[in-house]
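Dear colleague,

Please find below the structure I promised to hand over, together with its sequence. My notes on it follow directly after.

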Amino acid sequence: MKENRWKNITTCVRLIKYGMNAKQCLGAMLLFTVVGIAFEIMNLLGTEGYSSRFVVDFGAVFLYSAAMYPAQILMSLDISGMVQASPYKRRIQTDAAAFTTLCGNLTALVITLSVYGLAARAMPQRAALIWSGLPAVGVMGLVLSIMGAILYKFYILGIVVIAVMFGGISSWISIGRNMGLESGLNLLGSLPLPAAIAFCAALILLGGGIQYLIFRVIYKRPFSKGAFGNAVEKKFV
């Protein structure tokens with residue numbers, strides 16, 4: 001049973017090349033990855049001017065956004081009339097979409113860790129400050145996984161989730177600093193490096209599990225026009 005399920009997932013993943021605007025989406029994924037790495041480098045080079053590294057890491061946001069593209073392409077397959085009648089319809093929207101997003105998020109974490117590690121090695125005097133921002137990367141991975149789960153069916157709600165995330169983090173930082181806490185949110189930033197890495201990985205895995213459960217719960221709900229535009233009504237195949 002497990003073998004057949006894995007086979008079904010891999011079969012669905014191979015269908016990515018047939019998705020709506022697949023080449024453009026994969027190109028955008030590559031662009032977001034490059035921009036994310038560039039933002040990470042610029043962010044880390046400027047750490048000396050910050051009293052706290054627990055700020056919104058836009059590099060990580062871009063990398064996690066890049067990780068969403070394979071699932072988006074897979075979801076677009078289910079808009080087509082041909083796939084609507086296929087036994088893979090549910091697998092695409094649940095197992096395959098969650099699996100590709102989880103793999104993408106883990107890859108984003110590995111890239112982030114690599115950039116952080118290189119920066120810490122190049123600037124050992126800033127290493128502690130650089131690594132202190134790592135737990136925030138895990139938190140963002142969790143929240144963006146949840147946002148990605150609801151975005152295709154509840155587009156406006158997905159946007160609200162991401163807005164609340166950024167607003168909540170900014171407010172938390174402000175409250176912490178107003179209370180005289182120099183590092184604001186940096187309670188988690190004091191974690192030892194192995195614990196911080198484990199924390200990030202655990203949150204991404206948790207996000208993947210929550211995303212999968214949400215996919216299963218809202219599977220039968222129609223796609224949001226906000227996510228795929230007029231293709232929802234016209235069917236691209």
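With five residues, helix 3 gives the most to the lining of the largest pocket. The structure is a predicted model, and the largest pocket in it holds about 220 Å³ of space. Its lining is made up of 12 residues, and those nearest the centre of the pocket are F32, S65, M68, Y69 and L151. Besides helix 3, the elements that give two or more residues to this lining are helix 7 and helix 8, the latter spanning 155-178. In terms of residue class, the lining of the largest pocket has 10 nonpolar and two polar residues, with no charged ones.

The search of the whole structure finds one cavity of 30 Å³ or more. About 40 Å³ of space lies in the largest cavity. Y64, M68, T101, N105, G141, L144, S145, G148 and Q211 line this cavity. Helix 7 gives the most to the cavity lining, namely four residues, while helix 3 (58-77) and helix 5 (89-122) each supply at least two. The class count for the cavity lining is three nonpolar, six polar and no charged residues.

Helix 7 also takes part in a helix pair. The axes of helix 7 (residues 134-151) and helix 9 (residues 193-217) come within 8 Å of each other and cross at roughly 5°. Angles under 35 degrees count as roughly parallel, so helix 7 is roughly parallel to helix 9. The residues of this contact comprise 17 nonpolar and six polar ones, and no charged residue is included.

The average pLDDT of the protein is 79, and 76% of the residues score at least 70. Among the elements, helix 9 has the highest mean pLDDT, at 94, whereas helix 11 (residues 231-234) has the lowest, at 49. The pLDDT is below 50 over residues 49-54, a stretch that has 24 contacts in the model beyond near neighbours in sequence. Residues 180-185 likewise have a pLDDT below 50, and this stretch has 12 contacts beyond near neighbours in sequence.

With kind regards

Methods:
Residues numbered from 1 in each chain as written. Predicted model: local features only at pLDDT ≥ 70, side-chain atom pairs only at ≥ 80, totals over all residues. Heavy atoms only, no water. Axes fitted to C-alpha atoms, helices over the stretch in contact; angles between N-to-C directions. Parallel < 35°, antiparallel > 145°, perpendicular 65-115°, else oblique. Nonpolar A, V, L, I, M, F, W, Y, C, P; charged D, E, K, R; others polar. 1 Å grid on protein atoms, 1.4 Å probe; cavity = no way out; pocket = protein on both sides within 12 Å on 5 of 7 lines; lining within 4 Å. Points joined across faces, edges and corners; volume = space filled by probe spheres on them. pLDDT = per-residue confidence, 0-100. Contact = heavy atoms within 4.5 Å.
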